[in-house]
Amino acid sequence: MSARDAILESIRVRRLARAPMPGIYRAPRSDGDLAEVFAKKMSAQHADVRMLDSMAEVPAAIADILRGRNMAATVHVPPGSELETLALPNVEVRRGPPGPFDAAVTRAPFAIAETGTLVYPSGKGAPASWHFRPVLEIAILRAGDVVAELEDVLAKLGPLPSTLNLVSGPSRTGDIEQTMELGAHGPKALAVLVVRH
């Protein structure tokens with residue numbers, strides 16, 4: 001063996017062995033009541049989460065949220081949404097897009113228990129802009145629509161919509177001097193009504 005071959009062989013012997021590829025990470029599954037897990041995680045993100053027994057309790061809860069924030073008894077509901085038939089006897093309902101000082105009521109078709117996140121696929125009756133315009137968003141969520149993790153939502157959705165908004169608490173930013181500010185890019189406040197039945 002020549003000196004050159006000996007040097008190259010020495011280099012080959014010292015070459016590091018490739019480490020085995022790690023398995024795909026899977027977060028521990030959320031056990032128990034997914035709606036309770038979601039409520040706990042969402043509450044930790046500065047959202048007002050209320051557990052309701054039925055849709056009959058929704059009007060009173062919306063009125064109470066507006067009153068608690070000293071806001072006018074007016075909400076904006078997207079035209080064409082399934083909330084159009086929701087009776088709100090003491091609250092004026094408007095169908096136009098909300099302004100920066102308005103409250104909007106939306107229907108969240110999915111939520112993720114693992115992260116306390118609402119999931120809004122865009123579509124008819126669910127314009128994406130409604131999650132960015134109002135100062136207060138009130139989301140109505142059925143407890144049965146809470147899934148364990150994002151992958152479960154994607155499996156239920158099938159083909160992806162043009163926009164998929166994931167909302168975990170009010171909009172916030174810490175860009176300026178690392179001081180947390182709410183309402184930077186969307187609602188300053190978020191309330192979630194989780195309806196069990």
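This is a predicted model: local features need pLDDT of at least 70, side-chain atom pairs count only at pLDDT 80 or more; totals for chains, interfaces and linings use all residues.
1. Basis. Local features need pLDDT of at least 70 and side-chain atom pairs count only at pLDDT 80 or more, while totals for chains, interfaces and linings use all residues. Residues are numbered from 1 along each chain as its sequence is written, and side-chain values use heavy atoms, with hydrogens and water left out.

2. Overall form. The protein has 4 helices and 12 strands (DSSP runs numbered from the N terminus: helices are H or I of at least four residues, strands E of at least two). Its radius of gyration, taken over C-alpha atoms, is 24 Å, well over the 16 Å that the globule rule gives for 197 residues, so the protein is more spread out than a compact globule. That rule is 2.2 Å times the number of residues to the power 0.38. The C-alpha trace spans about 95 × 40 × 30 Å along its principal axes.

3. Helix H2. In H2 (residues 34-43), Ala 35, Phe 38, Ala 39 and Met 42 are buried (under 20% relative accessible area, 1.4 Å probe, protein chains only). They lie on the same side of H2, because they cover an arc of only 100° around the axis, judged by the directions from the helix axis to the C-beta atoms.

4. Cores. A nonpolar core is a set of buried Ala, Val, Leu, Ile, Met, Phe, Trp, Tyr and Cys residues joined through side-chain atoms within 4.5 Å. The largest has 22 residues, of which Ile 62, Val 75, Ile 138 and Leu 193 touch the most other members. Helix H3 gives the largest share, 6 residues. Apart from this core lies another of 19 residues, including Phe 38 and Leu 141.

Conventions
Buried means under 20% relative accessible area, exposed over 50%, partly exposed in between (1.4 Å probe, protein chains only).
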